[in-house]
Amino acid sequence: MTAEEASSGTSPDARLADDEVGGRVVRGSAVRIGAMAATNIFVALGAVVLLRYLGVADFGRYGTVMALVAIVQGVTDAGLTITGTREMALVHGEERRRLLAHILGLRIVLTAIGVVAAVVFALLVGYSNQLVLGTGLAGIGVFLFSVQGAMLLPLAVEMRNGTLALSEVLRQGSLVIGWILLVLAGSGLVGFFAVQIAAGLVLLALTPLLVDRQHLVRPRWERGELRTLAAVGLPVAIAGVIAVIYYRVLVVIASLLTTDVQTGLFVAASRVFDIAYGVPALLVTVVLPVMTIAARDDRARLRYITQRMTEAMTLAGLISALVVAGAAVPIMIALGGEQYRGAAPVLRIFSVALVSLFVGASWSPVLIATGKQKLLAIASFVGLVVVVVLGFALIPELDAKGAAIAFAIADWTLLAGLYLGLRSTGHGDELDMRFLLRAVPLAAACGLIALVPWSSPLVQTTVAVVAFLSGAWALKLVPSEVIDAARTARERLRR
């Protein structure tokens with residue numbers, strides 16, 4: 001044993017095990033991110049179709065309804081998906097089937113209640129009949145997607161990332177095909193809400209082909225089991241407002257306080273942000289089963305995973321922010337045309353939150369894996385209060401930009417809350433944040449390259465990203481697991 005190993009209390013076998021765990025997480029993440037790349041091709045194509053066909057005002061109306069039903073899906077899905085993944089990772093056999101049946105039953109009940117609540121809200125705030133109908137239709141689609149998502153939970157626990165990735169691609173692909181058919185048919189706005197139902201039915205029909213037979217269960221509603229699940233999942237459900245809920249709440253507020261055009265610009269920018277946010281949201285589900293087992297059996301391994309995830313996600317967030325901020329104008333024009341140029345400044349403000357989102361995605365699963373969901377819920381609730389208060393304060397004066405500023409401040413507030421939660425459990429004390437002394441100055445210098453005008457935005461952004469990646473490599477900021485995974489992928493491609 002070397003002096004370094006002796007001082008750290010880490011044996012060679014433990015280091016090897018940590019490397020294997022880290023590699024497993026990286027490989028699983030790579031599979032899901034690869035699928036996300038394919039999914040995002042459909043997302044980008046769908047965005048082009050919707051933005052150009054509907055126009056700014058109608059796209060704002062469409063985004064308002066979809067934000068409203070997404071809040072329902074976000075709260076019910078986040079709580080039960082994350083809680084279910086954690087709880088199912090700790091049980092096996094018939095006990096796992098029983099747990100899955102009750103998760104499915106609770107998901108059905110909660111999502112149905114949420115959809116009804118969304119329709120009632122649309123009526124109470126005075127939305128037009130078209131939007132109220134759209135809320136109902138889109139809500140049914142969300143209900144179907146939520147049920148299908150619960151049925152796929154065993155795949156996440158067993159880390160069958162390829163099958164999960166296929167489901168994600170099929171979902172987005174079916175939606176885009178439906179949108180294209182509606183455009184060719186000259187459909188009105190209501191048709192774009194109804195297509196959610198068709199896509200949901202397609203996914204439900206395909207689900208028995210994606211999961212093993214033993215994982216196909218009927219929903220159950222035993223009161224004691226449901227009460228236990230709800231008690232465990234409620235803090236995580238509250239924490240489901242992380243990002244996916246935050247800016248959708250702002251869409252609803254904007255629809256009440258500003259014009260349809262300004263709402264449309266905010267929704268358009270958030271559509272691009274949604275693509276970038278999908279990566280950290282997805283990685284939470286990949287790493288959570290591994291962290292859950294590590295939290296139960298090996299604190300040192302949990303510490304190792306947390307440190308590596310923090311480093312990798314910080315780099316990923318900084319790169320994403322550089323790309324989105326630097327190329328905001330060409331991105332928005334490419335997707336929607338010149339009518340969406342006004343969304344570019346909004347998107348730049350959104351990019352500030354990408355760093356906090358990526359870093360937060362490495363910390364929130366630690367609190368969940370260690371059973372500290374309440375700390376996650378408290379941090380999320382504080383962030384939600386900030387986003388609502390700032391939304392009502394800033395949107396009347398600054399329109400879409402005010403909504404984006406409110407979101408960015410709220411998400412950094414949330415990140416601070418997550419860090420305080422880690423510190424209170426002792427896990428934050430173990431984080432080595434000295435890598436920020438190299439990463440932050442590097443990102444700042446590359447940000448100047450991307451944003452200070454000296455060439456076209458695409459050229460500036462490309463140079464900035466290349467400079468950042470080169471600097472990160474030279475400063476040894478890239479985690480070894482990422483390097484090893486890249487080498488393995490390159491060797492496989494060669495073979």
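Colleague: How many cavities of 30 Å³ or more does the count come to?

Modeller: The count comes to two cavities of 30 Å³ or more. A cavity here is a set of points on a 1 Å grid over the protein atoms alone where a 1.4 Å probe fits but cannot get out. Its volume is the space filled by probe spheres set on the points, which are joined across faces, edges and corners. This is a predicted model, where local features need pLDDT of at least 70 and side-chain atom pairs count only at pLDDT 80 or more, while totals for chains, interfaces and linings use all residues. Residues are numbered from 1 along each chain as its sequence is written, and side-chain values use heavy atoms, with hydrogens and water left out.

Colleague: What makes a residue part of the lining of the second largest cavity, and which residues are they?

Modeller: A lining residue has an atom within 4 Å of a point. For the second largest cavity, these are Arg-303, Thr-306, Gln-307, His-427, Glu-430 and Leu-431. The space in this cavity is about 40 Å³. By class, its lining has one nonpolar, three polar and two charged residues. (Ala, Val, Leu, Ile, Met, Phe, Trp, Tyr, Cys and Pro count as nonpolar, Asp, Glu, Lys and Arg as charged, and the others, Gly among them, as polar.)

Colleague: Glu-430 also has a partner, Arg-299. Why is that pair called a salt bridge?

Modeller: The term needs a side-chain nitrogen of Lys or Arg within 4 Å of a carboxyl oxygen of Asp or Glu. The closest N and O atoms of Arg-299 and Glu-430 are 3.1 Å apart, so the pair meets the rule. Arg-299 lies in helix H11 (residues 299-326) and Glu-430 in the loop between helix H14 (373-425) and helix H15 (436-451), so the bridge ties together parts that are 131 residues apart in sequence. (Helices are DSSP runs of H or I with at least four residues, numbered from the N terminus.)

Colleague: Why do Arg-299 and Glu-430 count as partly exposed?

Modeller: Buried means under 20% relative accessible area, exposed over 50%, and partly exposed in between (1.4 Å probe, protein chains only). Arg-299 has 41%, so it is partly exposed. Glu-430 has 27%, so it falls in that class too.

Colleague: How many salt bridges does a search of the whole structure find?

Modeller: The search finds nine. One of them joins the side chains of Arg-61 and Asp-260, at 3.0 Å from N to O. Arg-61 is in helix H2 (residues 12-88) and Asp-260 in helix H10 (residues 260-297), 199 residues apart, and the pair links distant parts of the chain. Arg-61 has 26% relative accessibility and therefore counts as partly exposed. Asp-260, at 33%, is likewise partly exposed.

Colleague: Where do Arg-308 and Glu-311 lie?

Modeller: Both lie in helix H11, three residues apart, about one turn of the helix. Arg-308 has a relative accessible area of 27%, so it is partly exposed. Glu-311 has 14%, so it counts as buried. Elsewhere, bridges that share partners join Asp-58, Arg-61 and Asp-260 into one network.

Colleague: Why are H9 and H14 called roughly parallel?

Modeller: Two packed helices are described by the angle between their axes and the distance between the axes. Helix H9 (residues 246-257) and H14 pack at an angle of about 30°, with axes 12 Å apart. Angles under 35 degrees count as roughly parallel, so H9 and H14 get that name. By class, their contact has 19 nonpolar, three polar and one charged residues.

Colleague: What is the phi of Asp-399, and where is this residue?

Modeller: Phi of Asp-399 is near 55°, a positive value in a residue other than glycine. Asp-399 is in helix H14. At 26% relative accessible area, Asp-399 is partly exposed.

Colleague: How do you know whether Lys-476 is buried or exposed?

Modeller: Lys-476 has a relative accessible area of 73%, so it is exposed. Its place is in the loop between helix H16 (457-474) and helix H17 (480-494). Phi of Lys-476 is near 60°, again positive in a residue other than glycine.

Colleague: Is Gln-196 buried or exposed?

Modeller: Gln-196 has a relative accessible area of 5%, so it is buried. Gln-196 is found in helix H7 (residues 189-210).

Conventions:
Helix = DSSP H or I, 4+ residues; strand = E, 2+ residues; numbered from the N terminus. Axes fitted to C-alpha atoms, helices over the stretch in contact; angles between N-to-C directions. Parallel < 35°, antiparallel > 145°, perpendicular 65-115°, else oblique. 1 Å grid on protein atoms, 1.4 Å probe; cavity = no way out; pocket = protein on both sides within 12 Å on 5 of 7 lines; lining within 4 Å.
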